[in-house]
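Hello,

Here is the structure I promised to pass on. My notes follow below it.

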Amino acid sequence: WANANRRSWKGDEGRLKSIERFFGAKRLSEISPFLIERFKVERRNTKIERPGSKSPAKPRSVASVNRELSLLSRIFSIAVTNKEALTNPCRDVKHIPGEQPRTRYLLPEEEQRLMNILARKPAYLSRVVTLALNTGMRRGELLRLKWDQIDFFRDEIKVTHTKNGKDHVVPMNTTIRAMLWAMKEEEGAASAFVFRSPRSRPHLKDIKKGFNAALKKAGIEDFHFHDLRHTFGTMAADAGVEITSIAEVMGHADIHTTRRYSHATDQGRRRAVEAIERHFNSPVTNRTQRAVGDGA
């Protein structure tokens with residue numbers, strides 16, 4: 001079902017392993033809300049250990065456990081639809097509260113260090129990162145990007161096969177237009193895809209290994225490729241761009257998803273309190289305060 005209906009099915013495949021380990025020997029009718037509560041507690045208390053990694057084990061996040069609970073609930077919903085289960089016991093189990101959306105973004109000095117490292121890597125890697133930082137597009141959207149989605153006349157990129165299934169348009173700034181135009185002239189008609197694979201595949205499938213290696217050399221910790229998208233949203237909000245415009249460019253179906261970027265940086269928060277300071281220190285406000293004081 002996930003393979004046919006969800007673009008994130010690979011993530012579901014990984015989460016399914018923990019569900020299989022805990023519930024694999026049980027019939028659907030034997031899985032109760034209490035058993036699911038035990039699963040929830042066990043997963044929350046089990047730390048994440050990377051095989052072969054020298055780093056200490058990390059606590060499992062609330063979001064990670066809640067995604068596994070959601071997947072288990074989806075399994076039961078499908079079972080109920082197929083008349084293989086009478087009810088969905090997950091409905092009586094609450095998600096763990098306190099889940100915080102991830103808003104990690106590149107600081108200016110981190111961005112400079114990363115781009116310096118990428119300049120010594122294969123060209124496609126820095127180009128993918130540059131495109132992500134300037135458009136906010138997701139990794140899959142970038143790697144599947146085709147030349148016929150790029151309109152150099154209108155300076156637009158049509159983003160298709162999105163997470164929510166709705167196409168949207170991303171304007172190109174001068175940096176992206178110049179980079180893509182140079183790539184187009186360089187590649188010619190060699191491939192329908194912007195980022196063609198150096199192997200026999202039609203396009204790049206993943207850049208995780210090279211990207212993570214660049215992060216390590218740049219000394220950047222706790223950063224994922226998807227955080228480049230957060231960086232775009234954060235910088236746009238910090239520059240004063242309207243939330244509705246950011247949502248349209250990033251292809252958010254819900255404006256509440258975009259609101260996380262409002263005043264997300266130190267500069268944005270600082271502007272908020274400085275605006276209040278300017279208000280109270282303005283001549284009009286001071287006169288009003290003196291008048292109120294005199295009246296009292």
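Which residues is I157 in contact with, leaving aside its neighbours within four places in sequence? They are L131, T135, M137, L145, Q149, I150, H168, V169, V170, M172, I176 and L180. Contact means heavy atoms within 4.5 Å.

Ground rules. This is a predicted model: local features need pLDDT of at least 70, side-chain atom pairs count only at pLDDT 80 or more, and totals for chains, interfaces and linings use all residues. Numbering runs from 1 along each chain as its sequence is written, and side-chain values use heavy atoms, with hydrogens and water left out.

Core. The largest nonpolar core has 45 residues. Such a core is a set of buried Ala, Val, Leu, Ile, Met, Phe, Trp, Tyr and Cys residues joined through side-chain atoms within 4.5 Å. Buried means under 20% relative accessible area (1.4 Å probe, protein chains only). L114, L131, I150, I157, L180, F225 and L228 touch the most other members. Apart from this core lies another, of 18 residues, including I19 and V93.

Rings. There are 6 aromatic pairs (Phe, Tyr or Trp rings, six-membered for Trp, with centres within 6.5 Å; edge-to-face is over 60 degrees between planes). F22 and F23 are edge-to-face, because their planes stand at 65 degrees, with centres 4.7 Å apart. F22 and F39 are also edge-to-face, at 5.3 Å and 65 degrees. Ring pairs link F22, F23 and F39 into a cluster. F22 is buried at 19% relative accessible area, and F23 at 5%.

Best wishes

Technical notes:
Buried means under 20% relative accessible area, exposed over 50%, partly exposed in between (1.4 Å probe, protein chains only). Rings of Phe, Tyr and Trp (its six-membered ring) pair if their centres lie within 6.5 Å; planes under 30 degrees apart count as stacked, over 60 as edge-to-face and the rest as tilted.
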